[in-house]
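Dear colleague,

Please find below the structure that I am handing over to you, together with its sequence.

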Amino acid sequence: MSGIELINRAVFHKNNIAIISGKKSYSYSDLLKSSNSIAYHLLNRKRDLKGSRVAFLVAPSYDYVATLWGIWQAGAVAVPLGISHPQTELEYAISDSDVEFLISDQQNLYKILTIAGTNKIKYSTTDRLISSEQPPQSYKLPDIDSLSNAMILYTSGSTGKPKGVVITHANIEAQVTTLVEAWGWTDKDHILNTLPLHHVHGIINAMTCAFWSGAKCEIHPKFDPNSVWKRLTTGNLSLFMAVPTTYKSLINEWENKSLNEQSLMSLGASKLRLMVSGSDALLATTMNRWEEITGHTLLER
């Protein structure tokens, strides 16, 4: 068993679907297998990476989660990089956090090659790491202390250069357990996550709460109002979380549809049990209009 309670809990939900990404479904067992491979490869015969920083530039996907969990299981600190960030911002975060290893998916590999070469940082790709050999059965991944550092997330930098905020595994567990209780998460839940995965909102509040509960997290690589409405209309989702500008965009999309389409969209969205708005102030006009369209009073956190 891992020292990370999130990983331990995944073992008990191993047959549940954990992630829906790219029209494919992945179980908790799949996720554990892939993250174990990544951890084993990152360790490279070491017993524990002991807080080494590993930055990764991976689009929201199954590979993103497997990479994050693999970094944690190797005893390293994850530094998620924003896929939309300019090169200078990526270079700053990598330098500022003293990164020792870089991981990228194929579509973003070109963004890290120069940085890795200039700074002599080792790197690899998600497909290579996930397909690497599984640890032998006798191999034991490091036991991670809950007080050890888990992530460095960078602020938006609105009042100066972005600042790296260090978050421990205990910090994550405290926030997740509080939100799971407050929001009534269960293993029957199914959340659609279109939030960027370099901030707490998407990584912890939406995604990790789902995994803690053994629920499904459906990940879209980016927000698109038409595709989000298609999923909301199906009526098989139970949670959705977004920022105020997302809800405003969804309202605009709804208002441009025919009366029949609007009726179907509203009916589908009304079947979700919880919708949350966060990360910025929600205008009363947006909140009221969303309630008129879907029947949901957005929970503003």
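Helices (H or I, at least four residues) and strands (E, at least two) are DSSP runs, numbered from the N terminus. In those terms, the loop between strand E10 (216-219) and helix H9 (225-234) holds His 220. Please note that the model is a predicted one.

I begin with that histidine. With a relative accessible area of 14%, His 220 counts as buried, because buried means under 20% relative accessible area. Residues up to four places away in sequence aside, the contacts of His 220 are Pro 60, Leu 192, Asn 193, Thr 194, Ser 227 and Arg 231. Its side chain also makes a polar contact with the side chain of Glu 218, at 3.4 Å. Between His 220 and Leu 153 there are 21 Å from C-alpha to C-alpha, at a separation of 67 residues in sequence.

Next, the sheets. Seven strands form an open sheet with mixed pairing, in the order E2-E1-E10-E9-E11-E12-E13. At its edges lie strand E2 (24-27) and strand E13 (299-300), each of which pairs on one side only. Helix H2 (residues 28-43) packs on this sheet, where it touches strand E1 (17-21) and E2, and the direction of H2 makes about 75° with that of E2. Strand E12 (residues 274-277) runs parallel to E13 and is joined to it by two bridges; Ser 277 has Glu 300 in E13 as its bridge partner.

Strands E3 (residues 53-57) and E4 are likewise parallel, with four bridges between them. Phe 56 stands opposite Pro 80 of E4. From E3 the chain passes through helix H3 (residues 62-73) to E4 in a right-handed β-α-β crossover. Strand E4 (residues 77-80) is covered on both faces: Val 77 and Val 79 are buried on one side, Ala 78 and Pro 80 on the other. In a regular strand the side chains alternate between the two faces of the sheet.

Finally, the nonpolar cores. The largest has 62 residues, and the members that touch the most others are Leu 68, Trp 69, Trp 72, Met 151, Trp 185, Met 207 and Phe 211. Apart from neighbours within four places in sequence, Leu 68 contacts Phe 56, Ala 78, Met 151, Ile 203 and Met 207.

With kind regards

Methods:
Residues numbered from 1 in each chain as written. Predicted model: local features only at pLDDT ≥ 70, side-chain atom pairs only at ≥ 80, totals over all residues. Heavy atoms only, no water. Pairing = 2+ DSSP bridges. Contact = heavy atoms within 4.5 Å. Axes fitted to C-alpha atoms, helices over the stretch in contact; angles between N-to-C directions. Core = buried A, V, L, I, M, F, W, Y, C linked by side-chain atoms within 4.5 Å. Buried < 20%, exposed > 50% of the residue type's maximum accessible area, 1.4 Å probe, protein only. Polar contact = N/O pair within 3.5 Å; in protein donor to acceptor, adjacent residues only side chain to side chain. Right-handed = clockwise from strand over helix to strand, strands pointing away.
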